[in-house]
Amino acid sequence: MDGLHGLLAIDKPLGLTSRDVVNRASRLLRDRHVGHAGTLDPEASGVLVLAFGEAAKAVRWLQASPKTYETDILLGVATSTDDAAGDVIATLPVPMLTPAQVEAALPAPDRKSTRLNSSHITIS
C-alpha cells in the first residue's frame, strides 16, 4: 500500500465548496485519490472530513453518522437572494420571541424543509 492513508478533519472556511477543499488537498498531496465525507455549501463553514487511500472505505459510515448543524438566523431582514449573500431589500420589525416560540418553529428531524422569509418561518 503506497501513498497516504487516513482521515483529516478540515475547518472549511466560508467561500469554498467541499470540492474546492478536496482539489486543494489533492494538489498539495499530489494524490488524485482524495474524497470527503459530506458536503458543505460555500456559505457554510465547519468540519469537512477528507479521506485518503484505504481510509476512503470508511466514508460511507461517516456519511451515515448523525450530524449537528448550528446557524445564526437574523429575522426581519429580506435579501435579494433569500440568504446572507444577497443585498438587503427590506427590513421588518420582529416581535420579541420566547424560547418556546422559537422551539415550536424549529423543524422536527423528519420534516423535509424549512423556509425562512423575513420575519416568519414556514415549515413543511
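Colleague: Where does Asp 82 sit?
Modeller: Asp 82 is in the loop between strand 4 (77-79) and strand 5. Strands here are DSSP runs of E, at least two residues; helices are runs of H or I, at least four; both are numbered from the N terminus. This is a predicted model, where local features need pLDDT of at least 70, side-chain atom pairs count only at pLDDT 80 or more, and totals for chains, interfaces and linings use all residues. Residues are numbered from 1 along each chain as its sequence is written, and side-chain values use heavy atoms, without hydrogens and water.

Colleague: What about phi of Asp 82?
Modeller: Phi is near 60°, a positive value in a residue that is not glycine.

Colleague: Why does Asp 82 count as partly exposed?
Modeller: Because its relative accessibility is 46%. Buried means under 20% relative accessible area, exposed over 50%, partly exposed in between (1.4 Å probe, protein chains only).

Colleague: And Ser 26, buried or exposed?
Modeller: Ser 26 is buried, at 18% relative accessible area. It is found in helix 1 (residues 18-29).

Colleague: What is Ser 26 in contact with, leaving aside neighbours within four places in sequence?
Modeller: Asp 31, Arg 32 and Val 34. Contact means heavy atoms within 4.5 Å.

Colleague: Switching topic. Which residues make up the largest nonpolar core?
Modeller: There are 9: Leu 16, Val 21, Val 22, Ala 25, Val 34, Leu 40, Leu 48, Leu 50 and Phe 52. A nonpolar core is a set of buried Ala, Val, Leu, Ile, Met, Phe, Trp, Tyr and Cys residues joined through side-chain atoms within 4.5 Å.

Colleague: What does Leu 40 touch?
Modeller: Not counting residues up to four places away in sequence, its contacts include Leu 16 and Leu 48. Lys 12 and Gly 46 are also among them.

Colleague: How much of the chain is buried?
Modeller: Of the 124 residues, 21% count as buried.

Colleague: And the overall fold pattern?
Modeller: Along the sequence, β-α-β-β-α-β-β-α-β-β. That is 3 helices and 7 strands.

Colleague: What's the average pLDDT?
Modeller: The chain averages 79, and 82% of the residues score at least 70. Over residues 116-124 the pLDDT is below 50. That stretch still has 27 contacts in the model beyond near neighbours in sequence. pLDDT is the predictor's confidence in each residue, from 0 to 100. Where pLDDT is low, the predicted coordinates should not be read in detail.
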